[in-house]
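Open the model in a viewer with secondary structure shown as a cartoon. The stops below are given as selections, to be made in order.

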Amino acid sequence: MLKPVSVLALLLSAVTTVQAAQEVNVYSARKEALIKPVLDDFTKQTGIQVNLITGNADTLLSRIATEGQFSPADLLVTTDVGRLQWAKESNLLQSAQANEQLMQWVPANLRDQDNQWFALTKRARPIMYAIDRVKPEELNRLEDLTDAKWKGRICVRSSTNIYNQSMVSALIEQLGEQATLELAKGLVKNFARPPKGGDRDQIKAVAAGQCDIAIANTYYLAGMLTDADKSQVEAAKKVKVFWPNQSDRGTHVNISGAGVTKHAPNAENANKLLVFMLSKDAQQWYAEHNGEYPVRSDVESSELLKGFGEFKAESIPLEKVGARNTDALMLMNHAGWK
């Protein structure tokens with residue numbers, strides 16, 4: 001017969017197991033306002049408590065790596081395929097269990113071939129131009145921005161920015177290293193100033209007349225147009241979106257995405273949450289509230305994003321893009337892109 005203390009220990013263990021099964025821990029590089037409403041809906045519908053930790057994307061990756069097998073993280077939510085691919089290559093993720101649903105909803109080029117990460121939203125990176133100084137018929141391909149007519153007229157973030165690294169990674173994969181190097185050198189020659197600041201800063205620089213062209217994510221322009229700060233709105237209204245390379249490879253598109261962590265203590269709940277975040281209702285919320293494009297083809301973009309116009313996107317598998325980020329950074333540095 002078991003001793004009373006042993007029975008008590010077993011009961012406590014069972015209670016702990018039940019409690020653990022009713023929660024999921026999310027490490028998110030997305031700001032709380034851009035994810036918490038979806039997580040709250042998940043809790044309402046399933047009864048599973050979501051414990052959310054937000055922070056810098058690279059810091060969260062380092063934290064999971066440092067915590068190792070003792071990490072409480074169940075689901076990683078982050079921005080840019082470069083970080084998702086790094087997480088996979090660093091053995092921080094595991095294959096998702098709900099493969100059929102996720103593969104049905106997420107296009108093949110927007111997910112990992114081993115089902116370790118999946119896109120949640122799409123983030124387009126087109127050309128943005130000054131309405132009063134540039135005519136849209138002057139624009140065509142990204143490559144054309146290397147022409148001397150654009151000298152001193154282009155603003156873009158630095159080579160250390162992962163969005164630019166992924167854009168150049170995609171170019172390397174599609175055009176080859178030499179052609180991409182020449183393109184990067186041509187862009188650098190036409191920079192209006194040394195790269196600095198974020199995407200909003202590039203847009204504001206165009207509005208202020210410091211340059212005529214910016215390369216930036218539509219997410220930021222949408223955010224400026226809906227900002228409570230009137231100066232942000234006024235700056236954004238001086239800029240329009242142009243979709244480059246519509247006659248060939250399409251405009252560069254990146255993602256925000258998620259993956260179940262390698263040592264997830266609540267892996268089953270993490271899989272449930274991942275599926276929920278790609279459900280039609282959650283995707284519709286993303287489309288209306290965060291200025292990004294839904295991943296699912298059966299969910300429409302917001303009216304604001306529709307106003308930017310329809311476009312053809314690159315169809316390149318993003319896992320190939322993520323795998324080349326280091327090569328892209330080296331190439332950009334070689335081109336003088338600081």
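Predicted model: local features only at pLDDT ≥ 70, side-chain atom pairs only at ≥ 80, totals over all residues.

**Stop 1: the four-stranded sheet**

Begin with strands E5, E6, E7 and E8. Together they form an open sheet with mixed pairing, and the strand order is E6-E7-E5-E8. The edges are taken by E6 (154-155) and E8 (239-242); each has a single partner strand, so one side of each has no neighbour in the sheet.

Now select E6 together with E7 (residues 213-215). These two strands pair in the parallel sense, over two bridges. At this pairing, Cys-155 stands opposite Ala-214 in E7.

**Stop 2**

Cys-155 belongs to strand E6, whereas Cys-211 sits in the loop between H8 and E7, so the bond ties together parts that are 56 residues apart in sequence.

**Stop 3**

Next select H8 (residues 199-207) with H9 (residues 218-225). Their axes come within 9 Å and cross at roughly 65°, so the two helices are roughly perpendicular to each other. The crossing of H8 past H9 is right-handed. To see the contact, show side chains for Asp-199, Arg-200, Ile-203 and Lys-204 on H8, and show Tyr-220, Leu-221, Gly-223 and Met-224 on H9. By class, the residues of this contact are four nonpolar, one polar and three charged.

**Stop 3: the six-stranded sheet**

Select strands E1, E2, E3, E4, E9 and E10. This is an open sheet of six strands, ordered E2-E1-E3-E9-E4-E10, again with mixed pairing.

E4 and E10 run antiparallel and are joined by two bridges. Thr-121 is the residue opposite Pro-294 in E10.

**Stop 4: H3 and H4**

Select residues 57-67 for H3 and residues 81-89 for H4. The helices pack at an angle of about 10°, with their axes 11 Å apart, so H3 and H4 are roughly parallel to each other. Ala-57, Asp-58 and Leu-61 in H3 meet Arg-83, Trp-86 and Ala-87 in H4. The contact has four nonpolar residues, no polar ones and two charged ones.

**Stop 5: H6 and H15**

Finish with H6 (residues 162-175) and H15 (residues 325-334). Which way do H6 and H15 lie, roughly parallel or roughly perpendicular? Their axes come within 8 Å and cross at roughly 95°, so H6 is roughly perpendicular to H15. On the H6 side, the contact is made by Ile-162, Asn-164, Gln-165, Ser-166, Val-168, Ser-169 and Ile-172. On the H15 side, select Asn-325, Asp-327, Ala-328, Leu-329, Leu-331 and Met-332. Colouring this contact by residue class gives seven nonpolar, five polar and one charged.

Notes: Residues numbered from 1 in each chain as written. Heavy atoms only, no water. Axes fitted to C-alpha atoms, helices over the stretch in contact; angles between N-to-C directions. Parallel < 35°, antiparallel > 145°, perpendicular 65-115°, else oblique. Left-handed = near helix turned anticlockwise from the far one by under 90°. Contact = heavy atoms within 4.5 Å. Nonpolar A, V, L, I, M, F, W, Y, C, P; charged D, E, K, R; others polar. Pairing = 2+ DSSP bridges.
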